[in-house]
Amino acid sequence: MGKRILAVFLIIFMLCNYIFIFSSRPDRGSAYGEVSIETEISTTGDLFQPGYQDWLTEWQAQSAFATGNIVLTPGEDESCLNFSWYSDSIGKPAVQLSTDPAFSSSRIFDGLAVSIARSNGVTVYRSANHVTVSHYLKPDTTYYYRYTSDFNAANVVWSEPFSFYNHNTDSISAILVGDPQIGASGNIETDAYNWNQTLQQAVQTVPDASLLLSAGDQVNYKTDTDAEGIRESEYAGFLYPEQLRRIPVAAAIGNHETKGSDYQYHFNNPNSTDNYGSTPSGCDYYFSRGNSLFIVLNSNSRKMSAHRKLMKKAVAAHPDARWRIVIMHHDIYGSGTMHSNRSSANLRTVFAPLMDEYGIDVVFSGHDHSYACSYSMLDGTAICYPGSTLTDPVGTTYFSLGTSSGSKMYELASPKQYYVAERSNNPLPTFSVLSIKGNTLSVKIYDQNGNSYADDVTIKKTKLKTNPLDAVKKAGTRKKKNYTKSSYNKLKSALTAFDTLFHITKRDKGAEKIGKYFRTSKDPLSYYGYAAGTAEALPDGFSTLLDKSRLQCTAITPTAFAKVYSKVTSTRKRLVKTSLNVKKGRKFLKSGAVLTLKKGKKIRLKITAAPSRYKVSCISGAKKYVTINKKGVIHAKRKPKVTFKFKKNTVPVIIRFQNRVIKLRVSVR
């Protein structure tokens, strides 16, 4: 009897848990929003989901070989495309491209094979194959392709044919996903199923998608070694969806991938030969599409100098790109309880200044398995634009994309951070859609069922984006002596008002230490990004930016920002330059010059100053020995005593004009 009661109790508990998870779905009448979660949950463990059992039969037939599936990755621009896949033997890889499904006319591109020894527990792979198609593809064209791992064989064996459509880049539609993290739930099969379902819905929602952007943690297993082939089994789940055979995927490196080397074998990324921002898994890269520049950073590397080099190179290669977009794993302005106030906050010190420096419009990241959209962030200050349409926003908007498989979801941080405009951890797999056309960029967020998961965000540009802090900092370098008192004091007052509102971050010595000592014994952070030896954020006082974003929590309105910023720029433009020249004969005299006169003699200096509406004042430091009148006539009246207080028994003569001062010394003999 007791066992029956226990069984009934367990069934009721499971049903309640099931109802909790699915009652929060928007299609059940509940709006998206914040959900209470005990630490973390998975939404992929239900073996009774519609269609799962049928899909499982297909998966079981393919899973042993799915790790070797070919995947498309972006080329350096829209005329290029990269391919990569595993094979169980090493040879000369090649891809055959044609606009004809019968391949009656085609072109063959060969590539490089890297010897590997990778296993998913069933199949052992010996080669990672990479093929690059450079400056060949035409827009608005369907291409058919097939591939071989041994093009030099006597009888070449080609794969089955696949196809992709090379879109016109006048407009761009991209699918955004965060943390598929296949295997995180403890069940690779159900994670793979949900990942596959998400991509199917995403393609139905945006059938013209030309890119798939993944913010990292494609797989879950993160140890250095993998004797049982778990990681490659998870890659089988990630690479299973057929959409990866026809839509190029630009994937960031997650913290769960950074220790292993398999990421760099599975993906063939463009513009990565410099190896900037590298860890054992791979490095930074970039590519362009139409008027947009995409920069993918390996945020597991804390070498700010290396990331800066990559970003500088990318921006220099595409100076006319209207939109600058960054994809990386760590959500430095996210809102999940697991990372946002600890490891991700620590990494804010490294990456946030780079986004400001290079005028990045939006950053897409993952890591916290919950959705968040920041206000427009500039130097740790939140500029709180009202509504969901931003016109010429100052700063960068950060998106934390949530999880696209639902393999793991976290509680949201409490209290909600000052920089968060909207957030949601409603326990459903999600995807987003990035749309770019001309001067408009929009992001729409959906759950796995195709329902809205959060508010749409639209950014419009009517002018070239610049970093306003550059102008403010430049104004702050203006030297007082070069300008009239009135105009300079107005600028000084405007700069003080700006700093009172905004609090510009001064030199961040903590961030410099993080970059300098990355992965050395002096590294202030652990592998995972926590303060070394802890699971916490860096202490107060370590980083000026971190202190600002945790202690000051500055959030301002765009109107307030515009007011103090325009005051700085207008007073800087209205600075009135001055000049002051003093000549003895034809010789210009500078401060410190010594004039020698005989007792009783006079000399007239030629003093010119501009603007002429201001007066020049001439002052003697000891009139009983030396005088100077307003016309610049110096009279040496008598020789100072030996004990005279001034330097080397010389009398100072001071000529002032506004903030300019020329100090001369007169020796009487």
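Biologist: At what angle do helix H3 (residues 188–205) and helix H4 (residues 230–239) pack?
Modeller: This is a predicted model, in which local features need pLDDT of at least 70 and side-chain atom pairs count only at pLDDT 80 or more, while totals for chains, interfaces and linings use all residues. Residues are numbered from 1 along each chain as its sequence is written, and side-chain values use heavy atoms, leaving out hydrogens and water. Helices are DSSP runs of H or I with at least four residues, strands are E runs of at least two, and both are numbered from the N terminus. With axes (lines fitted to C-alpha atoms over the stretch in contact, angles running from 0 to 180 degrees between N-to-C directions) 8 Å apart, H3 and H4 pack at an angle of about 25°.

Biologist: How are H3 and H4 therefore oriented to each other?
Modeller: The classes are roughly parallel under 35 degrees, roughly antiparallel over 145, roughly perpendicular from 65 to 115, and oblique for the rest. Since the angle is about 25°, H3 and H4 are therefore roughly parallel.

Biologist: Which residues of H4 does H3 meet?
Modeller: On the H3 side, the residues in contact (heavy atoms within 4.5 Å) are Ile-188, Ala-192 and Trp-195. Their partners in H4 are Ile-230, Ser-233, Glu-234, Gly-237 and Phe-238.

Biologist: Why does the model class H8 as it does relative to H9?
Modeller: Helix H8 (residues 468–476) and helix H9 (residues 485–502) have axes 10 Å apart and pack at about 135°. Because of that angle, the class of H8 relative to H9 is oblique.

Biologist: Which residues of H9 make the contact with H8?
Modeller: H8 contributes Leu-469, Val-472, Ala-475 and Gly-476. From H9 the contact takes Leu-491, Leu-495, Phe-498 and Phe-502.

Biologist: Which backbone nitrogen does the side chain of Gln-658 reach?
Modeller: Gln-658 sits in the loop between strand E36 (651–657) and strand E37 (660–668). Neighbours within four places in sequence aside, its contacts include Tyr-483, Thr-484 and Ser-486. At 2.8 Å, the side chain of Gln-658 reaches the backbone nitrogen of Lys-485.

Biologist: How are the rings of Trp-55 and Trp-59 arranged as a pair?
Modeller: Rings of Phe, Tyr and Trp (its six-membered ring) pair if their centres lie within 6.5 Å, and planes under 30 degrees apart are stacked, over 60 edge-to-face and the rest tilted. The count by this rule is 33 aromatic pairs. For Trp-55 and Trp-59 the ring centres are 5.6 Å apart and the planes lie at 15°, so the pair is stacked.

Notes:
Polar contact = N/O pair within 3.5 Å; in protein donor to acceptor, adjacent residues only side chain to side chain.
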